[in-house]
Amino acid sequence: MIKVEHLSKTFGELTVLKDISTEIKKGEVVSIIGPSGTGKSTFLRCLNLLEEPTNGSIHIDGVNVLENRADIPKLRQRMNMVFQSFNLFSHLSVLENLTLGPIKLRAMNPKEAASRSMELLRLVGLAEKANNYPDELSGGQKQRVAIARCLAMEPEIILFDEPTSALDPTMVSEVLSVIRRLAREGMTMAIVTHEMDFARDVSSRVFYMDEGGIYEEGPPQQIFENPLRPRTKAFIHRIRSYTTRVQSPDYDLYGINAEVEGFCEKQMFPASLRQNILLFVEELLTLYRPHLTAAQLDLTVAFSEKSDRLQLVCETQPALPNPLENEDGDLGAMILRNMSERVTYLRDAGKSTLELTLRPPTDQ
């Protein structure tokens, strides 16, 4: 239904989208997630030509809509958009907001347009508000009216740009319920959203956008349970981390401890957890120290809000043996093993990775 090839968008010297190529098939629901400022909304606006792409092509059912002869108003009737700010006409009633487009752009008979609009208001649960004005509605009701207005143009594709971001949390579910119904009915949709549970439930595929492109894409189960790339993992698990590189056995332990303490204070970790982290860091560096004349070590302290777990990760190049194996007589190794909930060691392609996971203590 939608085929994008080598799409890019720049604003002056700022590159927002970089060489995006993808397809969205008929009946698919694609959720687009990622940090703020990574081009998610700009990508949608380029699809609907509210922003003109700098390079690339966009095909809708095989037609390149960026060619001069493309009928842009007709495209926007086929591929409509719901914005986060509703964009309702405040001087028109709810019913008039819905009938305006079909009458003006599709030359629909006013009675037919009104009848169809009432059906759509019933669909979104707002038929009783037909004669009200937008200022008399809640945020969730306004967004449902905006969705009904979009449906009044009988689009084949709907683009949702963060449809719940401007809503009070108590109103989010009513809007998401309407979108879920559209998904069940087979509407092709692309949805920019920060509602992760919703994206997981409703999507056929998920795009994780970062660095100005689609950094990773796949079915919801993959993206939310087993993401393949590091930035996706950090976003999904809401990981906050500190990393330092050690390249010599004469490392500055006091400097590293000060940086780790600063990270812990910023995350407001309890005092007992801070002490455990500092102990882990010191003991790990001590175990690796004899090998640091010929190896480089990247030490990461990472905390996942989603799992409420803290990890210490040591990556070495070239690969080194697991320092926790065959060290029964080493007090440091025994301390690390006893305090770790899980220990994982991987060795691959000239690199070794040791991960130690512990549950943060709850006492202050």
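Leaving aside neighbours within four places in sequence, Gln143 is in contact (heavy atoms within 4.5 Å) with Val82, Phe83, Gln84, Phe86, Pro163 and Val175. The model is a predicted one, in which local features need pLDDT of at least 70 and side-chain atom pairs count only at pLDDT 80 or more, while totals for chains, interfaces and linings use all residues. Residues are numbered from 1 along each chain as its sequence is written, and side-chain values use heavy atoms, with hydrogens and water left out.

Gln143 lies in helix α5; helices (H or I, at least four residues) and strands (E, at least two) are DSSP runs, numbered from the N terminus. With a relative accessible area of 0%, Gln143 is buried, where buried means under 20% relative accessible area, exposed over 50% and partly exposed in between, for a 1.4 Å probe and protein chains only. The side chain of Gln143 reaches the backbone oxygen of Pro163 at 2.7 Å.

Two packed helices are described by the angle between their axes and the distance between the axes. Helix α5 (residues 139–152) packs with helix α6 (residues 172–184) at an angle of about 25°, and their axes are 8 Å apart. Axes are lines fitted to C-alpha atoms, for helices over the stretch in contact, and angles run from 0 to 180 degrees between N-to-C directions. The helices α5 and α6 are therefore roughly parallel to each other; angles under 35 degrees count as roughly parallel, over 145 as roughly antiparallel, 65 to 115 as roughly perpendicular and the rest as oblique. From α5, Gly140, Gln141, Gln143, Arg144, Ile147 and Leu151 meet Glu174, Val175, Val178, Ile179 and Leu182 of α6. The residues of this contact divide into 6 nonpolar, 3 polar and 2 charged, with Ala, Val, Leu, Ile, Met, Phe, Trp, Tyr, Cys and Pro counted as nonpolar, Asp, Glu, Lys and Arg as charged, and the others, Gly among them, as polar.

An open sheet of 5 strands shows antiparallel pairing in the order β11-β12-β13-β15-β14, two strands being paired if DSSP finds at least two bridges between them. Strands β11 (239–246) and β14 (342–348) stand at the edges with a single partner strand each, so one side of each is left without a neighbour in the sheet. From one strand to the next, the twist averages 15°. Strand β14 is joined by 7 bridges to β15 (residues 351–358), and the two run antiparallel. Leu346 stands opposite Thr353 in β15. Helix α11 (residues 271–288) lies across β11, β12 (296–304), β13 (309–317) and β15, and runs at about 20° to β13.

Elsewhere, Val4 lies in strand β1 (residues 2–11) and counts as buried at 3% relative accessibility. Not counting residues up to four places away in sequence, Val4 touches Ile20, Ser21, Thr22, Phe43, Leu47 and Ser57. Val4 and His59, 55 residues apart in sequence, are 6.4 Å apart in space, C-alpha to C-alpha. In helix α1 (residues 40–47), 6 of the 8 residues are buried, namely Lys40, Thr42, Phe43, Leu44, Cys46 and Leu47. Leu49, which follows α1, has a positive phi near 60°.

Ala199 lies in helix α7 (residues 196–202) and is buried, at 0% relative accessibility. Apart from neighbours within four places in sequence, Ala199 is in contact with Ser31, Ile33, Thr193, Val206 and Phe224. Between Ala199 and Pro220, 21 residues apart in sequence, the C-alpha to C-alpha separation is 7.6 Å.

Conventions. A polar contact is a pair of N or O atoms within 3.5 Å; within protein, one must be able to donate a hydrogen and the other to accept it, and residues adjacent in sequence count only if both atoms are side-chain atoms.
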